[in-house]
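My notes follow in the order in which I worked.

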Amino acid sequence: MKGAIFDLDGVITDTAKFHFAAWSQLASEKLGLKLPASFETELKGISRIESLERILDFGGLRDKYTAEQVEELAAEKNGYYLKAIDTLTKDDILPGITRLIGELKEHDVKLSVASASKNAPVILKKLGLFDKFDAIADPSKVEHGKPAPDIFLAGARAVSLDPKDCVGVEDAVAGVAAIKAANMTAVAVGDPEELGKADAVVPTTDDFSYALFEETWEKSRN
Ligand code: G6P
Ligand code: MG
């Protein structure tokens, strides 16, 4: 294993609750909708615009808004979201992640971020992790979102590595599918039933380690 390509939300820090709160606020204040709790999981790894399209579909509102209005609504949601994440500090780094980053660096593993979030650089700065990563792939520059492999391929390319030498790290079904489509080894955190396509699934981020990543990579390549 020469590289570890990380998703951000749900892997490095837990922002799903902030995304869901911001979408819920937009839905109730601007769309007259109450979002079911299941949307919190369903929208993990899904881009801002696609998330909004799914919400509009849920409310049967897709045809009510022009593309420009959809952009405006998405920008409004991002405003609520940015306000919520303003309070993030290094205390919001998920358990074990700082240790894991140290272990990977000790073994000269390149680190890159492959998040669908355009806010990834801001969030990493707030967490004090920005300088630990060798690259952050830009989701606005890739054609297809997860489950397509594009962002993980961009993450490997950004550190000049062959995807087969990389482990991708995810918490979402769409993300695991993206990692596998990129021909990388997938390590996931969460429910093994939901994330069964990954090469290894652990219950918490504190279960991540260099040893787990290396062993999973070795096994998946043979
Ligand atoms: C992550 C989250 C998604 C979010 C997406 C875009 O993948 O899991 O819920 O919609 O990023 O985030 P952004 O910060 O660009 O709106
Ligand atoms: Mg995620």
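How many residues of domain 1 are in contact with domain 2, and how many of domain 2 with domain 1? I found that 14 residues of domain 1 are in contact with eight residues of domain 2, where contact means that the C-beta atoms of two residues, placed from the backbone, lie within 7 Å. Helix H6 (120-127) and helix H8 (173-181) each supply at least two residues of the side of domain 1 that touches domain 2. I sorted the residues of that side into five nonpolar, three polar and six charged, counting Ala, Val, Leu, Ile, Met, Phe, Trp, Tyr, Cys and Pro as nonpolar, Asp, Glu, Lys and Arg as charged, and the others, Gly among them, as polar.

Before going further I noted that this is a predicted model, in which local features need pLDDT of at least 70 and side-chain atom pairs count only at pLDDT 80 or more, while totals for chains, interfaces and linings use all residues. Residues are numbered from 1 along each chain as its sequence is written, and chains are lettered from A and ligands numbered from 1 in the order in which they are written.

Next I looked up the domain bounds, which come from an automatic or database domain assignment. Domain 1 is given as 3-14 + 89-221 and domain 2 as 16-87, and their centres, taken over C-alpha atoms, are separated by 25 Å.

For the chain as a whole I recorded nine helices and six strands, which are DSSP runs (helices H or I of at least four residues, strands E of at least two) numbered from the N terminus. The radius of gyration of the protein chain, 17 Å, agrees with the value near 17 Å for a compact globule of 222 residues; this radius is taken over C-alpha atoms, and the globule rule is 2.2 Å times the number of residues to the power 0.38. Of the 222 residues, 45% count as buried; a residue is buried if 20 or more other C-beta atoms lie within 10 Å of its own, exposed if 12 or fewer, and partly exposed in between, with C-beta atoms placed from the backbone.

Asp 7 lies in the loop between strand S1 (3-6) and helix H1 (16-31), and Asp 9 lies in the loop between S1 and H1. Asp 7 is buried because it has 31 other C-beta atoms within 10 Å, and Asp 9 is buried with 23. Leaving aside residues up to four places away in sequence, Asp 7 touches residues including Gly 45, Ser 115 and Asp 171, whereas the contacts of Asp 9 include Lys 44, Ser 115 and Ser 117.

Which residues have the most contacts inside the largest nonpolar core? They are Ala 4, Ile 5, Phe 6, Phe 152, Val 167 and Val 176, in a core of 68 residues, a core being a set of buried Ala, Val, Leu, Ile, Met, Phe, Trp, Tyr and Cys residues joined through C-beta atoms within 7 Å. H1 gives the most to this core, with six residues, and the core draws at least three residues from each of domain 1 and domain 2.

Lastly I checked Thr 87, which is found in the loop between helix H4 (67-85) and helix H5 (97-106) and counts as exposed because it has 10 C-beta neighbours inside 10 Å.
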